[in-house]
Amino acid sequence: ECTMIPQHHLPADIERTSLSIITAELAELGLTPPPETAAVVKRVIHTTADFEYAENLVFTKNAVSLGVAALRKGTPIVTDTNMAKAGISRPGLEKLGSHVMCFMADPAVAQRAEAQGTTRAAAAMEQAAQVCPGAVLAIGNAPTALFAIARQMERGQFPAMLIGVPVGFVNVEEAKEQVLALCRRFEVPAILAMGRKGGSNVAAAICNALLYLAGDMLDPAERGWQ
């Protein structure tokens, strides 16, 4: 018979306690993020339990406040995976009148990729630029999606914001560096995980941090959690 009663068993308590542990450990490491990026950095660490994100997340100037402003207008989010789409907060989207789209499974995207000899991720970004230009783009998987976005920026098509956190070993670091330079040049707000790290879960975590900031929902009670 188990007599141990968990100290924290309600989701809101667990989240608050987790974030207080993260805050304390960041302070011990001397990695306390500046106030404007803290909610994003902590949400990514909360999702991954990986404190290296405190150092490898890069934010362009005012990226968080500009991203929050875009989401407050109901700007849609486009992801490069259905996994990232699934991880983005429904209450957050609903409160702001936003929605999230992923074109990866779209038959037109598969046809475009085959016709152009490119990846579905790159073709999906071309589809997104046509269907919903000026969206928040959240890329957690495919560096080819970032290269496609870079080409769009070079021809004058800009997202409202770029979250560029693909994970991997081939073309990943180069893709991130290329889009970071373009985002700085064209003043497109961007949050990137430099190096090899990232993933669909990280893309969703960053979107959620921005949605929670935009909707005044940082505390789980504001999202209807007990």
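What follows is a short exchange about the sheet, its helices and one proline.

Author: This is a predicted model, where local features need pLDDT of at least 70, side-chain atom pairs count only at pLDDT 80 or more, and totals for chains, interfaces and linings use all residues. Residues are numbered from 1 along each chain as its sequence is written, and side-chain values use heavy atoms, with hydrogens and water left out.

Reader: What makes S1 and S3 edge strands?
Author: The sheet is open, with six strands in the order S1-S6-S5-S4-S2-S3 and mixed pairing. Strands here are DSSP runs of E with at least two residues, helices are runs of H or I with at least four, and both are numbered from the N terminus. S1 (57-59) and S3 (100-102) each have a single partner strand, so one side of each is left without a neighbour in the sheet.

Reader: How do you know that S1 and S6 pair?
Author: Pairing asks for at least two bridges found by DSSP between two strands. S1 and S6 (residues 190-193) have three, in the antiparallel sense, so they count as paired under that definition. Leu57 stands opposite Ala193 in S6. S5 and S6 also have three bridges, but in the parallel sense, and there Gly164 faces Leu192 in S6.

Reader: Why is the unit of S5, H10 and S6 called right-handed?
Author: The term applies if, with the strands pointing away from the viewer, the path from the first strand over the helix to the second runs clockwise. S5, H10 and S6 form a β-α-β unit of that hand.

Reader: What makes both faces of S6 covered?
Author: Buried means under 20% relative accessible area, exposed over 50%, and partly exposed in between, using a 1.4 Å probe and protein chains only. Ala190 and Leu192 are buried on one side of S6, and Ile191 and Ala193 are buried on the other.

Reader: How do you know that Pro220 is buried?
Author: Pro220 has a relative accessible area of 2%, so it is buried. This proline lies in the segment after helix H11 (200-214). Leaving aside residues up to four places away in sequence, Pro220 touches Ala12, Glu15, Arg16 and Trp225, where contact means heavy atoms within 4.5 Å.
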